Amino acid sequence: MSDTPPQTPPGSATPPAGSPGKPASRRDRPQTDEESRWHGVFREITSGSAIISVLAVVLALLVGAVMIAVTNDDVQESAGYFFSRPSDLLGDVWGAVSGAYSALFQGSIYNFGRGSFAEGITPFTETLVFATPLIAAGLGVALGFRVGLFNIGGRGQMLIAAAIGGWVAFAVALPYGIHLVAALVAGILGGALWGGIVGLLKARTGAHEVITTIMLNYVAFYLVSYLLREGFLRTPGSNNPKSPASKETAVFPDLLGPDYNLHLGFILVIAATIFTWWLLSRSNLGFQFRAVGENPNAARVAGISVQRMYVYAMLLSGGLVGLAGINQVLGTTTSGFGATVDSGIGFDAITVALLGRSKPWGVFAAGILFGAFKAGSFSMQAAEGVPIDIVLVVQSLIVLFIAAPPLVRAIFRLPTPGDTPLRARPIVVKEVAAK
Amino acid sequence: MSTIAPVSVPTQPTPPDDGPKAAVIRSWKTPIALGVFTVLGAIMLVGFGRDGISTMVLSTTSDLIQLPTVDLPTRATGIVVSLLLLAIAAGSAWRVRNSRKTPIWLSGVFAFLLLLGFLAWASAGASIPIPGLLFGSLSLAVPLIFGALGGVISERVGVVNVAIEGQLLAGAFTSALVASITGQPLLGLLAAMLAGMLVAFVLAAFSIKYFVDQVIVGVVLNVLVSGVTGFLFTQLLAPNAATLNQPPKFDRINIPFLSEIPILGPVLFRQTLIVYIMYFAVIAVYFGIFHTKWGLRLRAVGEHPQAADTVGIKVAATRFWNVSLAGAIAGAGGAYFTLGSVGAFGKEMTAGAGFIALAAVIFGRWDPIRATLAALLFGFASNLQSVLSIIGSPVPSEFMLMLPYLVTIFAVAGLVGRSRGPAASGKPYIKS
C-alpha cells in the first residue's frame with residue numbers, strides 16, 4: 001500500500017495486463033475470407049471475457065462439487081470398497097453433488113416442487129431481495145475503487161446508516177411517502193457522513209483509508225451497540241439490544257404484493273446503478289474521479305483537486321453503502337435491528353465490486369449472482385446438510401478465476417487473444433496469396 | 001501498468017529533516033495532535049475528575065522480587081498529568097515554531113503520561129494488576145505481530161498482502177487439526193506455517209504469474225480461506241471434535257533469571273514457545289531486511305524492480321519466495337490462536353485480526369519494529385478494556401472498546417500522517 005492509492009485500483013477501468021480486456025484491436029483487423037471470419041467469430045467467443053466468466057463459474061462449481069463429494073458420508077463409505085464396486089462411488093458422488101446444486105438452484109431461481117409459476121418463482125424474488133443490499137454496497141465499494149480508494153468500511157457505513165435512518169423510521173411521525181423519503185435520505189446521509197470522515201481524513205492528513213475504514217467499522221459497531229443498549233435506539237422496556245420496529249409509514253412497499261418479500265429497495269438499487277453509471281461515465285465529476293483513480297499525480301498536474309475528489313468519492317461511496325444499510329432497516333428486517341444488521345454485507349460488497357470489475361452494471365449482475373448464492377445456500381443447507389460456507393468458497397473462486405483469464409484459458413486450452421491469432425494470421429494470408 | 005516503474009515525483013512536502021531547504025517547512029501536525037489529546041485528557045482527568053485512591057499492583061504473587069503497590073490519589077494524579085501533558089504540547093509547539101521537529105521520544109513520553117493518567121482515572125477506588133494487564137496485551141498482540149511481520153516482508157518485496165487474515169485463519173485451522181491428530185503442538189506449528197505458505201503461494205502465483213491485482217487476490221483469498229475452513233469445520237471438525245479439534249497447547253516455559261525481572265519478567269519471559277519464536281522473528285526480520293544481502297535485494301525488488309532486474313536479481317523469484325516466507329510467518333501467528341491461547345479451532349476465530357495486522361503494518365510504516373510496536377498498542381488497547389471491565393469502569397464498556405480504534409485514527413491522522421509504502425508495492429513487474 002503506497003501513499004498514493006494503488007496505481008491499479010482493483011478491477012479499475014484498466015484490466016490487469018495479460019487479461020483480455022476488451023478485444024477492441026481485433027475488430028480493426030480486416031477480414032480476408034469466409035473461413036477466417038468464422039474463425040474470428042469463434043475466437044471472439046472463446047477468448048472474450050463472457051466465456052471466461054462462464055467458465056470461471058463452471059470451474060468454481062466444480063471445485064465446490066469436489067468439496068461436497070469428499071466430505072459426504074455416503075461417498076466416503078463407498079470409496080472404501082471402490083475397487084470392488086466403482087459404480088457405487090460414482091453414484092454417490094453424483095447423488096451428493098447434484099442434490100446440493102439442485103437445492104441451490106431451486107432455492108435461488110425456480111422451485112419445481114411448487115404447483116404454479118407464481119409459487120415456483122418465489123425463490124428468484126428472494127434472490128433479488130438478497131441481491132439488493134449487495135448491489136448497493138457493491139456500487140459504493142466499486143466507486144471507491146475507481147477513484148483508487150479501498151473502502152473496507154462498508155460495515156461501519158451500513159451501521160450508521162441503519163442507526164440514523166432507522167431512528168427516523170421508528171421515532172419520527174410523518175405521513176406516508178414523506179416518512180419513507182425522510183428515512184431513506186437520513187440513512188444515505190448517515191452512510192455518507194461515515195464515509196466522508198474517511199475522505200476528509202485522507203485529504204487533510206493523508207491518513208490511509210484502509211486503516212481509517214477498518215477502525216471506523218469498530219467505532220460504528222460499538223457506538224451502535226451502545227445506542228441500542230442505552231441510547232436513543234433502545235426499545236423502551238426491553239433488555240434486548242434491539243431497536244423498535246420501523247413505523248408502517250416508512251417501510252418499503254412490496255413490489256409484487258404481500259406474497260413476495262421483494263420490496264421497493266430493488267427499484268432504488270436499479271436507480272442507484274443508473275446513477276452510478278451516469279456519474280462515472282457521463283459526468284464531469286466522474287471523469288475527474290477516474291482521472292484520480294488512474295493516476296493521481298497526472299490528475300493533479302491536470303488541475304484536478306485530488307484531495308477534494310477523495311472527499312467527494314468517499315461521501316458518495318459511503319452514501320451508496322448507506323443505501324444498503326437503510327435498505328436492511330426499511331425493507332428486509334423492519335421489525336427492529338440489532339448491531340449485526342449489516343450481516344457481513346459490507347465485506348461481501350468488496351467481492352461483488354471485484355467480480356463486477358467496478359463497473360456499475362457489472363456490479364449489478366455480480367450482486368444478483370451473489371444474491372442467488374445467498375438465497376440458495378439456505379435451502380441447500382436445509383435440504384442436503386451442506387454448510388453455507390461452500391457458497392463462500394464458490395464465490396471467491398469465481399472472482400479469482402475471472403481475475404486470472406490466462407489461468408482459465410490454460411485449463412480449458414482456449415486460444416489467447418492477441419497472441420495465437422497474430423501468429424496464425426500470416427499463414428492464412430500466405431495461402432490466399434499463393435492461390 | 002507500464003514496465004517502467006514511475007519515478008516518484010516528490011509532490012508531497014518532504015519531511016523537515018530531509019535536506020537543508022526542507023527545514024523551512026513546519027509541520028504543525030504533531031503539536032496540534034498533542035494539543036487535542038491534552039485538551040481531551042484534561043477534560044476527562046480534571047473536568048470529570050474522580051476522587052479516591054488508584055492502586056497499581058506491580059508484582060504477581062509468584063515473583064521473587066516483590067514490588068510494593070503504588071497508591072495514587074486519583075484527582076491529584078489527574079491534575080499533575082494534565083499539567084505535564086500541557087507542558088509537552090507547548091514544548092512541541094515551541095520547537096515547531098523554531099522549525100525543529102518534535103522528537104519521537106517526547107511523543108512517547110506524552111503517550112505514557114496520558115495512559116498513566118487514564119489508568120489512574122479509570123481505576124479510582126480499585127486496583128489494577130499491571131503485570132496482568134501487560135501479559136494479556138502481549139497475548140493478544142502475538143498473532144498481530146506475526147501477521148504484521150508477514151505483511152512487512154510481503155509489502156517490502158512489492159506484493160500487497162491483504163491476505164494476512166486468510167493466512168492466520170488457515171494457520172489456526174491446520175495447526176488445530178494436525179496437532180490434534182499427532183498430539184504434537186510443534187508439528188501443529190509447522191503445519192500452520194505450511195498452510196500460511198500455501199495461501200501465500202496462491203497470492204504469489206496469481207499476482208506474480210497472472211498479474212492479477214494483488215488487492216483482489218488478497219481479499220478473495222480471505223473469503224476463500226474463511227469458506228474452506230468454515231466448511232471443513234462444520235463437516236469434519238465439529239462432529240469429530242474429540243479426535244480432530246482438541247489440540248494439546250504449548251506449555252509455558254519460564255526462562256530462569258529473566259523471568260524474575262520486576263514487572264517485565266513475568267510478562268515477557270513466562271510465555272510459550274510461540275512467543276519466544278515471535279521475539280526471534282521480530283529481530284530476525286528486522287536484521288534481515290536492513291542488514292543482510294537478502295534484505296537489500298528484497299527492498300530493491302519492492303522499491304524499483306526494474307533496477308533490481310538490471311543488476312541481475314530475479315524479480316519474480318525473489319517476490320515469490322519472500323511472499324511465501326511472509327505467509328509462513330503469518331501462519332505461525334495463526335497457530336497461536338489454537339495452540340497458544342484458545343485451545344481449539346472455531347469458525348472465523350481470527351475475527352479480523354489480519355486486518356488489524358494490516359493496519360499495524362501501515363501504522364508502523366512498513367518497518368518491522370514499528371509494526372510490532374503498533375501491534376502491541378492494539379493488543380494493549382483491547383486488553384485494557386477487558387481489565388477495566390473487571391474492575392468496573394466509569395464509562396460504558398462500548399466506549400472503552402471503541403477507544404483503541406479512535407486513538408488509532410487520531411494517531412494515524414495526527415502523528416503518522418501520510419505514510420509512504422514501498423514504491424513498487426502493489427504493482428506487478430512485467431519484464432519487457
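pLDDT is the predictor's confidence in each residue, from 0 to 100.

This is a predicted model, where local features need pLDDT of at least 70, side-chain atom pairs count only at pLDDT 80 or more, and totals for chains, interfaces and linings use all residues. Residues are numbered from 1 along each chain as its sequence is written, chains are lettered from A in the order in which they are written, and side-chain values use heavy atoms, leaving out hydrogens and water.

View 1. Chain A has a mean pLDDT of 82, with 84% of its residues at 70 or more. Look at residues 1-32 of chain A: pLDDT stays under 50 there. Where pLDDT is low, the predicted coordinates should not be read in detail.

**View 2. Where chain B meets chain A.** Here 61 residues from chain B and 58 residues from chain A are in contact (heavy atoms within 4.5 Å). Together the chains bury about 5300 Å², 75% of it on carbon and sulfur atoms; that's the accessible area (1.4 Å probe) lost when the two parts are put together, summed over both.

**View 3. A salt bridge across the interface.** The rule turns up 1 salt bridge between chain B and chain A (a side-chain nitrogen of Lys or Arg within 4 Å of a carboxyl oxygen of Asp or Glu). Its partners are Lys347(B) and Asp389(A), at 3.0 Å, N to O.
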